[in-house]
Amino acid sequence: MDEPGRPQVILGELRRVILDGAVPPCTVIPLREVAVLFGVSHIPVREALKTLIGEGLVTHRPQRGYQVAQLTARELREMYIVRDTLESASLAAAALSADDAERAELLAVNDLLERAILDDDPAAYLRESRCFHVALTRPSRMFRLLQMLESAWNVTEPVQSMVHVDRADRELLHTDHLAMLDAFLARDVARLLAAAEEHHRRLESVIATLPTDTGLLAPEDISSAQ
């Protein structure tokens, strides 16, 4: 019997494995197997998948069922532009409003990011880089904007972009993080925005190097069908 609140548990777990990269883009999500795994009927699983479709993380196509959404290279670039625009809009308020605890949190996250660089751990870098940007923007208190930023970031997350780029690129991107961190702590808004703009330009260049023939990204000509 389906328990109240069970769809939210299923939704959270499905979202987690998609965002963690445990199931890559284009992976089929078998409705029956998921229902058996959670000990429920198909109904709460469909409800969870419907929500994930709305979030851009899952697609449903006739004859193919539910799949983890797969972006084209162009769509990925577009979503990074959305991310960058929303982040930039929050930075001034964040730098000026951050309290001591929030500034300490940003420093702590940066330490973890530094460790990921030293260990050459792409998965940890991906995870801690997102935490760094969250810690950088959350002090803005611009909650609706931050919610949109989280949604945009989630759409790009299944690609696991930072896992697929060179170590040298990750190190260069982190030099931008350090410039942003220094400006943030100094509450120097102009320098922070300039560092963020440089970071976004570099990030777009790095994303453009991702392979398009390995199944990581969808061919451009099928995007309209999804």
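The dialogue below treats the overall fold, then pockets, then cavities.

A: This is a predicted model, in which local features need pLDDT of at least 70, side-chain atom pairs count only at pLDDT 80 or more, and totals for chains, interfaces and linings use all residues. Residues are numbered from 1 along each chain as its sequence is written, and side-chain values use heavy atoms, with hydrogens and water left out.

Q: How many helices and strands does the protein chain have?
A: Helices (H or I, at least four residues) and strands (E, at least two) are DSSP runs, numbered from the N terminus. The protein chain has nine helices and two strands, in the sequence order α-α-α-β-β-α-α-α-α-α-α.

Q: What is the radius of gyration of the protein chain, and what would a compact globule have?
A: The radius is taken over C-alpha atoms, and the globule rule is 2.2 Å times the number of residues to the power 0.38. For 226 residues a compact globule would have a value near 17 Å; the protein chain has 19 Å, which agrees. The C-alpha trace spans about 55 × 40 × 30 Å along its principal axes.

Q: How is empty space found?
A: Rolling a probe the size of a water molecule over the atoms shows where empty space is left. On a 1 Å grid over the protein atoms alone, a cavity is a set of points where a 1.4 Å probe fits but cannot get out; a pocket is an open set with protein on both sides within 12 Å along at least five of seven lines; lining residues have an atom within 4 Å of a point. Grid points are joined across faces, edges and corners, and a volume is the space filled by probe spheres set on the points.

Q: Which residues line the largest pocket?
A: The lining consists of R16, L19, D20, A123, L126, R127, R130, C131, V134, E157 and Q160, around a volume of about 260 Å³. Helix 6 (122-137) gives the most to this lining, with six residues. By class, five lining residues are nonpolar, one is polar and five are charged (Ala, Val, Leu, Ile, Met, Phe, Trp, Tyr, Cys and Pro count as nonpolar, Asp, Glu, Lys and Arg as charged, and the others, Gly among them, as polar).

Q: Which residues line the second largest pocket?
A: Its lining is R130, H133, V134, T137, R138, L146, L149, E150 and W153. Helix 6 and helix 7 (143-156) each give two or more of these residues, and the volume is about 170 Å³.

Q: How many cavities of 30 Å³ or more does the structure hold?
A: There are two. The largest has a volume of about 180 Å³ and 18 lining residues, of which Y80, R83, S129, W153 and L203 lie nearest its centre.

Q: Where does the second largest cavity lie?
A: Domain bounds come from an automatic or database domain assignment. Domain 1 (7-68) and domain 2 (73-209) both give residues to the lining of the second largest cavity, so this cavity lies between them. Its space is about 50 Å³, and its lining has seven nonpolar, two polar and no charged residues.
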